Amino acid sequence: MKIIKCEKLKRKPQVVSGFGKIFTDYMYVREYADGKWDEGKIVPFDAMALLPCSSILHYGQGVFEGLKAYRNERGEVRLFRAVDNFKRMRTSCDRLCMPFVDESEALGALEELIDLEREWIPTEIGTSLYIRPFMFADDDSLGVHAAKKYKFVIILSPSGAYYSHGFAPVALKIEREYVRACKGGTGAYKVIGNYAASIKAGEIAQREGYDQVLWLDGSERKYVEEVGAMNIFFVLGGKVVTPALNGSILPGITRDSVVKLLKASGVTVEERLVSIDEITDGAKSGALTEIFGTGTAAVISPVDRLGDGSADYIVGKRGSAGEIAGMLFDRLTGIQTGRLSDDFGWITRID
Ligand code: PLP
Ligand code: COI
């Protein structure tokens, strides 16, 4: 692949912390025009020029993905479930009438970019290289229709924990006013507008002392859907329960990994409608013993507090992760970093 070299490389940080704040020297860019993709190239990470009439700025035809690469003390560089992210990106593109590149070509480009940037991958526990592929429309006209020009870009960000408190539990607010998505909309896809629509509720929740909101379904506001950047699991009456994918929930890759890991350990997982009343009743009676979220950025995030108007429920032991969340975090990060065997074939090694 064509590589345009940086004149000067950046200084790599000694210690990596925080999420998505620093970026590596290079990025990958591939452009679509006249009905076809160009060859794609690796270029210095830099500003991208857009005309003020670029369609992405007006109508939001844009999608993204998030995945991670790990480098362990043996020097192995390991990508987690990258093909699944590109497959999901294709479904997101399709929902917004955008063309997508071949998944294996996207993976090949990513592997080449990561190989070039491998020294940027942090090795300390809890760190990784967060990978952000994204694609956007770039037509120079104001008509509302599927654009004819697109850019597919991959940027890399050495990152620590998504939440500032790391694996420590977070607090969620049950969101009764705003909705994130409804059936027939774009909730099941990783399209940029979903995130714009969710910011207001998230800001209010943060002002009220919560980390994120727990979204309910868009029509009845009766059933649990997911969290701002995570899918959600409950341990209720000794059973692991998670909302079934219903067309408005993002089909999380970590969610799928967790379901598979639990099933492989002999733990039954119920994927079904989960009413919010069942959750608050369980919190009151003590039948609800654990809540945790799953997502690429957050990995496994225990939840110890659930707010609902004036009520605040403490779930499990305040300040500590529950037993199942702890086990899953250990198993998942073990596979990701190479401490445990990759029995599901989730890892792509970049050697
Ligand atoms: N739900 C939403 C809205 C998200 O943004 C994410 C993060 O990607 C997830 C769930 C979890 O998905 P994944 O496990 O694929 O990262
Ligand atoms: C991810 O987990 O990769 C996400 O995309 C979440 C987010 C930062 C929007």
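The model is a predicted one, and the values given here are computed from it. Helices H2 and H3 pack against each other with their axes 9 Å apart, and a search of the whole structure finds one cavity of 30 Å³ or more.

**Packing of H2 and H3**

- Helix H2, which covers residues 82-95, packs against helix H3, residues 103-116, at an angle of about 130 degrees.
- Because of that angle, H2 counts as oblique to H3, and the crossing of the two helices is right-handed.
- On the H2 side the contact is made by Ala 82, Val 83, Phe 86, Lys 87 and Arg 90, which meet Glu 103, Ala 106, Leu 107 and Leu 110 on the H3 side.
- Sorted by class, this contact of H2 with H3 comprises six nonpolar and three charged residues, with no polar residues.

**The largest cavity**

- The largest cavity has a volume of about 90 Å³.
- Its lining consists of Gly 66, Leu 67, Lys 68, Tyr 70, Phe 80, Asn 85, Ile 253, Thr 254, Gly 295, Thr 296, Val 299 and Gln 336.
- Strand E6 (67-71) and helix H5 (253-264) each supply at least two residues of this lining, and the largest share, three residues, comes from E6.
- By class, the residues lining the largest cavity divide into six polar, five nonpolar and one charged.

Key: Residues numbered from 1 in each chain as written. Chains lettered and ligands numbered in written order. Predicted model: local features only at pLDDT ≥ 70, side-chain atom pairs only at ≥ 80, totals over all residues. Heavy atoms only, no water. Axes fitted to C-alpha atoms, helices over the stretch in contact; angles between N-to-C directions. Helix = DSSP H or I, 4+ residues; strand = E, 2+ residues; numbered from the N terminus. Parallel < 35°, antiparallel > 145°, perpendicular 65-115°, else oblique. Left-handed = near helix turned anticlockwise from the far one by under 90°. Contact = heavy atoms within 4.5 Å. Nonpolar A, V, L, I, M, F, W, Y, C, P; charged D, E, K, R; others polar. 1 Å grid on protein atoms, 1.4 Å probe; cavity = no way out; pocket = protein on both sides within 12 Å on 5 of 7 lines; lining within 4 Å. Points joined across faces, edges and corners; volume = space filled by probe spheres on them.
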